[in-house]
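Subject: Structure handover and notes

Hello,

Here is the structure for you to look over. Please open it alongside these notes.

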Amino acid sequence: MSLPDAEPEATVVVCDDDAPTLELLCDHLEADRLRALPAISAADALRLCQYKQPDLLLLDLALPDLSGLDVLREIRASEGVTGRYDPGLPVIVLSGRGSDADRVRGFQCGADDYVVKPFHVTEVVARIQAVLRRRAARREGPLRVGEIIVDTAQREVRVGGREVTLANKEFSLLRTLASAPTRVFTKEELLRDVWGFRSLGRTRTLDSHASRLRRKLDPEAGRYVVNCWGDRR
């Protein structure tokens, strides 16, 4: 008696113009019960993201027809249900450039994680699964912290009934903070969980995003996002 085929846990568009790398990634994803849709160009990736409604995009930056960062910007700029793409689609960037500036640029464009080539395929699969778990957790329902309501499904934020418009990383930062409102998060934790940084380095990304988030939530007093100085343990 033959066993039934296991349903894939998620669908991933894999975009890389190097055919052996593309085949290797797709083979490993399929072995881990993820449906892999191969794309060898930016145009292929965008077409699949538009018509196949994937759960995640694994995106190489060096593509023959368009920069991967431009693909990422195109997706993030989409108008939600009325646009061509899901603007909240999780995207993991693959790149041969791994400097702090390159990584920050990728995250500023809306990447959920950033993997530097050469990479271990098992690590890439683990990162995909981690991002998918975070997305599943975000779909559980709205978060309420005092006057603040964070609707993770609709990607909406309200403060005392007032709608607040946030950029992608501002929303991700607020969602992380609201998940444990009485906890003090370290800078390292937030850079890792929101931006995917594996080392702190010299970056003001968190400070600038926190400042903008503070002003948007409470333009008068900035009460809701508080810096705690001192021991970083």
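The model is predicted, so local features need pLDDT of at least 70 and side-chain atom pairs count only at pLDDT 80 or more, while totals for chains, interfaces and linings use all residues. Residues are numbered from 1 along each chain as its sequence is written, and side-chain values use heavy atoms, with hydrogens and water left out.

**Overall**

The protein chain has 8 helices and 9 strands. These are DSSP runs numbered from the N terminus: helices are H or I with at least four residues, strands are E with at least two. Of its 233 residues, 45% count as buried. Buried means under 20% relative accessible area, exposed over 50%, and partly exposed in between, with a 1.4 Å probe and protein chains only. Take contacts between residues at least 6 apart in sequence: 54% join residues at least 24 apart. Contact means heavy atoms within 4.5 Å.

**Cores**

A nonpolar core here is a set of buried Ala, Val, Leu, Ile, Met, Phe, Trp, Tyr and Cys residues joined through side-chain atoms within 4.5 Å. The largest has 45 residues. Val13, Leu57, Leu59, Ile75, Val157, Leu173 and Leu217 touch the most other members. Helix α2 gives the most to this core, with 5 residues. Another core, of 21 residues, lies apart from it and includes Ala10, Leu58, Phe119 and Val125.

**α2 and α3**

Helix α2 (residues 42–51) packs against helix α3 (residues 68–76) at an angle of about 20°, with the axes 10 Å apart. That makes α2 roughly parallel to α3. Axes are lines fitted to C-alpha atoms, for helices over the stretch in contact, and angles run from 0 to 180 degrees between N-to-C directions. Under 35 degrees counts as roughly parallel, over 145 as roughly antiparallel, 65 to 115 as roughly perpendicular, and the rest as oblique.

From α2, Ala42, Leu46 and Cys49 meet Val71, Glu74 and Ile75 of α3. By class, this contact of α2 with α3 has 5 nonpolar, no polar and 1 charged residues. Ala, Val, Leu, Ile, Met, Phe, Trp, Tyr, Cys and Pro count as nonpolar; Asp, Glu, Lys and Arg as charged; the others, Gly among them, as polar. Setting aside residues up to four places away in sequence, Ile75 touches Leu46, Cys49, Leu57, Tyr85, Asp86, Pro87 and Leu89.

**α7 and α8**

The axes of helix α7 (residues 187–195) and helix α8 (residues 205–217) come within 10 Å and cross at roughly 85°. The two are therefore roughly perpendicular. Lys187, Leu190, Leu191 and Trp195 in α7 meet Thr205, Leu206, Asp207 and His209 in α8. The contact of α7 with α8 divides into 4 nonpolar, 2 polar and 2 charged residues.

In α7, the buried residues are Glu189, Leu190, Leu191, Val194 and Trp195. They pack against α4 (100–108), α6 (168–179) and α8.

**Two residues to look at**

Glu189 counts as buried because its relative accessibility is 18%. Leaving aside neighbours within four places in sequence, Glu189 is in contact with Arg183 and Val184.

Leu94 lies in strand β4 (residues 91–95). Leu94 is buried, at 0% relative accessible area. Its C-alpha atom is 9.3 Å from that of Pro118, 24 residues away along the chain. Not counting residues up to four places away in sequence, Leu94 touches Asp16, Leu25, Leu58, Leu59, Asp60, Leu61, Val115, Lys117 and Phe119.

Best regards
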